[in-house]
Amino acid sequence: MKTSIATVSISGEFPEKLAAIAAAGFDGVEIFENDFLAFDGSPADVGRMVRDHGLEITLFQPFRDFEGMPEPLRSRTFDRAERKFDIMQQLGTDLVLVCSNVSPASLGGIDRAAADFHELGERAAKRGLRVGYEALAWGRHINDHRDAWEIVRRAEHPNIGLILDSFHTLSRKIDVGSIRSIPKDKIFIVQMADAPLIEMDLLYWSRHFRNMPGEGDLPVREFTEAVAATGYDGYLSLEIFNDQFRGGSPRTIAADGYRSLIYLGDQVRRNPEAATLTVAEMPDRVSVKGIGFVEFSTDAEDGENLAGILKTLGFRKTAVHRSKKVSIFQQGEIRLLLNTDEKGFTNASFAVHGTSAYAVALIVDDAGLAYARAIALGAEPFEQPVGQGEVQIPAIRGVGGGLIYLIDERSELGRFAEIDFTPVSGESDISSAHLSHIDHVAQTVAYEEMLTWLLFYTSIFEAEKTPMVDIIDPSGVVRSQVVENASGSLRLTLNGAENRRTLAGHFIAERFGPGIQHLAFHTEDIFATAAALRANGFEPLSISPNYYGDIEARFGLDPGLTERLKADNILYDRDDHGEYFQLYSTTFGEGFFFEIVQRSGYRGYGAANAIFRIAALKKALRPEGLPKL
Ligand code: MG
Ligand code: MG
């Protein structure tokens, strides 16, 4: 399997696109005619540029409205084809993509089309060129790869073959099993795209909403398995039309695309039927057992405030680092590290973002294997010097340049706290708030980045994404999507902010970048926790009294329960699986906060309560903040 991407898939000027595609690691590139019409070089210059980047031109496209034309259009169409052939020879590529005819002038008939392709094959063969035929999902007569294949078969010409495109096949729900019987040498190339499931016109869906394999909802893996079952081991080439990508960073989009293909190849090679696909092996998706710790970068003054809040939440300081200014605060299985070191990465992170939860440690089976998989999928490694005898924890860069540490129980990594830290005796005036573990970590990102991080998490870790939900902020909509595993030991929420007036948008703008906006701790008894918090002097987020009348009516709650919820500012939700209680802190810094949840079978994250919670958080944020509520 080799990797390719169409130039139309990413933003930027032509040279910028090529540089991004090469940097991401692709083997080849599809040249879209419009991309080089807009560029000042000749086709020969374009070909040279591509080869200078170490890339191969996989094909030239598109050649439209070819087959089934009546005369005199037919003759003109063949003349057009000869001109495309001229360009191809100058570019230095031997394959052109012909997509099925959409012209109202075109005539149907498999044999008529096959005869046209036979003649085109003769002309192409004279120049050593090949022609691939692709069924557009909205083609006038041909909109199904099975019919396109029948035309190619009847054309009976070695220079005529089929081009498969996952979007055209899957958007029309065509059985992918029909691919398995196509001879592999008649499949000239395979184009890949995924898409979110949205009911809309096929052409509009395809032109604006395609995304990378694994980013959407189409059964792209099954499609690729069927392709691999033919023995095909050539290029998988991304052909993505997406408005968001066209406005995004070329490097990020190209890197996402490359990651999506490597991940797809890894999924497919695990199917014995598809064993002919040549793909580098990598360790399995990483199973996450839990959150080992969350580390905050801060300074002495902010750190003291944060430590004060943690104490009211029932955390005790249990250890201090032997060589750095780092303290551990602990409760149940939850470990929070406060780092006030004045040098190194943490301090650099503090200088940019202020106090923030910049690092999360995930507990995995084998940190070495987890790290190897992450790197194989293009994650950026992170390393910094540690003191003598101290533990070097493998790490990769995550959202907003923050860190994801990987620790396991099989090595000394699991004992980093004993090795690197000295225990301290805790304060006696703190009562535990019965917080047991981290329920979820909520990260806020720019909306355009959501697909990047969903693909990052789901390709590296054994976790699935849930459908996107709209979170209603009084100043706009925030898109929210969850990455979680079956056991619930990994729950990450990603909130995509579209404007800075939302709480999430304010957070990104004011802390100069995306990152962790809240941590949710779990309790088995929200009322016992609320009582302990009160005793510790915790300041809860105050919820509008109107909320309680609403939920009492909505869920038919016992008025006694409603009163207790109201007294402690606890939010309530329920689904088919159970109940959910939520309690929030006020905000810290530019919109960071803590949440406490009691999850009794409930599977969601309280989206219905978000509007009440966000309104309250914004009120608490800063009197001068967010003037346009
Ligand atoms: Mg295509
Ligand atoms: Mg939450």
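Predicted model: local features only at pLDDT ≥ 70, side-chain atom pairs only at ≥ 80, totals over all residues.
Local features are reported where pLDDT is at least 70 and side-chain atom pairs where pLDDT is 80 or more, whereas totals for chains, interfaces and linings use all residues. Residues are numbered from 1 along each chain as its sequence is written, chains are lettered from A and ligands numbered from 1 in the order in which they are written, and side-chain values use heavy atoms, with hydrogens and water left out.

The magnesium ion that is ligand 1 is coordinated by E134 and E239 through OE, by D165 through OD and by Q191 through OE1, at 2.0 to 2.2 Å; donors here are N, O and S atoms within 2.8 Å of the metal (3.2 Å for Na, K and Ca), and since water is not among the atoms, sites may look incomplete. Along the sequence, the donor residues of this ion follow the spacing E-x30-D-x25-Q-x47-E. Q191, in strand β7 (residues 187-192), and E239, in the loop between β8 (235-238) and α10 (243-246), are 48 residues apart, and the pair links distant parts of the chain. Strands (E, at least two residues) and helices (H or I, at least four) are DSSP runs, numbered from the N terminus. Both Q191 and E239 are buried, a word that stands for under 20% relative accessible area, with exposed meaning over 50% and partly exposed the range in between (1.4 Å probe, protein chains only).

Because H440 lies in strand β18 (residues 435-446) and E595 in strand β26 (residues 593-600), the pair ties together parts that are 155 residues apart in sequence. H440 is buried, with a relative accessible area of 2%, and E595 is buried as well, with a value of 1%.

Turning to the helices, α11 (residues 250-269) and α16 (residues 450-460) pack at an angle of about 30°, with their axes 10 Å apart. That angle makes α11 roughly parallel to α16, given that angles under 35 degrees count as roughly parallel, over 145 as roughly antiparallel, 65 to 115 as roughly perpendicular and the rest as oblique. The axes are lines fitted to C-alpha atoms, for helices over the stretch in contact, and the angles run from 0 to 180 degrees between N-to-C directions.

On the α9 side V220, R221, T224, E225 and A228 take part, and on the α11 side L264, Q267 and V268. The residues of this contact divide into four nonpolar, two polar and two charged.

Some single residues complete the picture. L413, in the loop between β16 (403-408) and α15 (416-420), is buried with a relative accessible area of 8%. Leaving aside residues up to four places away in sequence, L413 touches A367, V391, Q392, I393, P394, L406, I407 and D408. K84 in helix α4 (residues 73-91) is likewise buried, at 12%, and with the same exclusion K84 touches E33, F60, P62 and F63.

P62 belongs to strand β3 (residues 56-63), and the peptide bond from Q61 to P62 is cis, with omega near -5°. The peptide bond from E71 to P72 is also cis, with omega near 5°, and P72 is found in the loop between β3 and α4.

Terms used
Contact = heavy atoms within 4.5 Å. Nonpolar A, V, L, I, M, F, W, Y, C, P; charged D, E, K, R; others polar.
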